[in-house]
There are 2 protein chains.
Amino acid sequence: MPDPDRDRPDLGAMVVRLGRALIAAERPVLAAHDVSMWGYVVLSALADEPMRTQAALARAIGADKTRIIGTLDELQERALIEREPDPEDRRVRLLRLTPVGRQLYASVRTGVRAAEEQLLSGLTSADKRVFLRVLQQLSPEPD
Amino acid sequence: MPDPDRDRPDLGAMVVRLGRALIAAERPVLAAHDVSMWGYVVLSALADEPMRTQAALARAIGADKTRIIGTLDELQERALIEREPDPEDRRVRLLRLTPVGRQLYASVRTGVRAAEEQLLSGLTSADKRVFLRVLQQLSPEPD
DNA sequence: GCTTACGATCTGCGGGCGTACATGATTTGT
DNA sequence: ACAAATCATGTACGCCCGCAGATCGTAAGC
């Protein structure tokens, strides 16, 4: 009786390949809306809930805190997010989506989900359900 | 009836998080054997089958052909691989593992697999089987 | 033989990223 | 009041990567 587990590629190799396929599939969607990868990630994080500090946002999306500043600058300039000093602690900037930003995010996300569905289209619905549930279970929340 | 599919994170976000967790889990294993990530990938590719050209190897592992030269130099210096001019076409270098290289690869792979099993240890065996099968189905072979 | 094509290698460019450090504004603890 | 901590920001360094030539040796077609 053969052991399929011994012959499969490394988990890491498969995840990397899937990641590359996802990036390739989603790049056109992002480009169509003129949003960068990091921009989309920021919009996604802020759509879930507004953030009280930029450091918290950086932690939430697994980015360096200096790296997201440029992204925030651009999103703010396009009026997709608001970055307002907290009246109670004027060191911190309250971050939230504008209505326009929320709308754009919804559009991009719809496209991203469609691209993902395309990649998953070869699966049975049972396999897809298990796969997505397990993947969610295995992808750790950032501290 | 709630729709769990609408609330889940993007597939891309989950894959990236899982990838980071895998890298973190496997880094100590690689360091213990003094092998770089690229080195391990090369050993893995050559363990499957010897390669007739370095360009073919680069394509197989999704790396730039100039990138792998340094990796091959190091592996050759440690006598883990052989890089011999093809007598029939002396432009190309035949690449294959040495017995030592095959042995080291087996050790590292055992450690890598153990780290991966650790990450998967929270799953039921049915979930794990489906997840790995689907993941393999979704991770495209490089051209 | 001569031209063209191919493989390996080296070098340099530009971009993305993480890290560290410095600064200025502001809050907090004593 | 004063010192220490916190937050956003800017700057600079180094690393890794993909990509585009340029070079050299070799092979293949004419």
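Predicted model: local features only at pLDDT ≥ 70, side-chain atom pairs only at ≥ 80, totals over all residues.

User: What joins strand 1 of chain B to strand 2 of chain B?
Analyst: A hairpin, through 2 residues.

User: Which residue is the bridge partner of B:D86?
Analyst: B:D89, in strand 2 of chain B. Elsewhere in the pairing, B:I81 stands opposite B:L97.

User: OK, chain A now. What is its secondary structure?
Analyst: Chain A has 7 helices and 2 strands. Along the sequence the pattern is α-α-α-α-α-β-β-α-α.

User: Is chain A compact or spread out?
Analyst: Its radius of gyration is 18 Å, whereas the globule rule gives 15 Å for 143 residues. The value is well over the rule, so chain A is more spread out than a compact globule. Its C-alpha atoms fill a box of roughly 70 × 30 × 25 Å along the principal axes.

User: What share of chain A is buried?
Analyst: Of its 143 residues, 29% count as buried.

User: And what share of the chain A contacts comes from residues 24 or more positions apart?
Analyst: They make up 55% of the contacts with a separation of 6 or more.

User: Switching to the two chains together. How many residues of chain B are in contact with chain A?
Analyst: 30 residues of chain B touch 30 residues of chain A. On the chain B side, helix 2 (11-32), helix 6 (99-119) and helix 7 (125-138) each supply at least two residues.

User: Which of those gives the most?
Analyst: Helix 2 of chain B, with 11 residues. By class, the side of chain B that touches chain A has 18 nonpolar, 6 polar and 6 charged residues.

User: What about the largest nonpolar core? Which residues touch the most other members?
Analyst: That core has 26 residues. A:V15, A:F131, B:V15 and B:F131 touch the most other members. Helix 2 (11-32) and helix 7 (125-138) of chain A, with helix 2 and helix 7 of chain B, each supply at least two residues of this core.

User: What is A:F131 in contact with?
Analyst: Leaving aside neighbours within four places in sequence, A:F131 contacts A:L123, B:V130, B:F131 and B:V134.

User: Now the DNA. Which residues come nearest to DNA strand D?
Analyst: A:T53, A:Q54, A:A55, B:D64 and B:R90, out of 18 residues around DNA strand D.

User: Which elements supply the surface near DNA strand D?
Analyst: From chain A, helix 4 (54-61), helix 5 (68-77) and strand 2 (89-97). From chain B, strand 2 (89-97). Each supplies at least two residues. By class, this surface has 6 nonpolar, 4 polar and 8 charged residues.

User: And what is closest to DNA strand C?
Analyst: A:D64, A:R90, B:T53, B:Q54 and B:A55, among 18 residues that surround DNA strand C. Strand 2 of chain A, with helix 4 (54-61), helix 5 (67-77) and strand 2 of chain B, each supply at least two residues of that surface. The classes there are 6 nonpolar, 4 polar and 8 charged.

User: Loops next. Where does A:G62 lie?
Analyst: In the loop between helix 4 and helix 5 of chain A. A:G62 has 13 C-beta neighbours inside 10 Å, so it counts as partly exposed. A:G62 and A:S44 are 18 residues apart in sequence and 13 Å apart in space, C-alpha to C-alpha.

User: What is phi of A:A79?
Analyst: Near 60°, a positive value in a residue other than glycine. Most residues other than glycine have a negative phi. A:A79 lies in the loop between helix 5 and strand 1 (81-86) of chain A.

User: Why does A:A79 count as exposed?
Analyst: Because it has 12 C-beta neighbours inside 10 Å, and the cut-off for exposed is 12 or fewer.

User: Last one, B:D34. What is its phi?
Analyst: Near 55°, also a positive value in a residue other than glycine. B:D34 lies in the loop between helix 2 and helix 3 (37-48) of chain B. With 10 C-beta neighbours inside 10 Å, B:D34 counts as exposed.

Note on methods: Residues numbered from 1 in each chain as written. Chains lettered and ligands numbered in written order. Helix = DSSP H or I, 4+ residues; strand = E, 2+ residues; numbered from the N terminus. Rg over C-alpha atoms; globule rule 2.2 N^0.38 Å. Buried ≥ 20, exposed ≤ 12 C-beta atoms within 10 Å, placed from the backbone. Contact = placed C-beta atoms within 7 Å. Near = placed C-beta within 6 Å. Nonpolar A, V, L, I, M, F, W, Y, C, P; charged D, E, K, R; others polar. Pairing = 2+ DSSP bridges. Core = buried A, V, L, I, M, F, W, Y, C linked by C-beta atoms within 7 Å.
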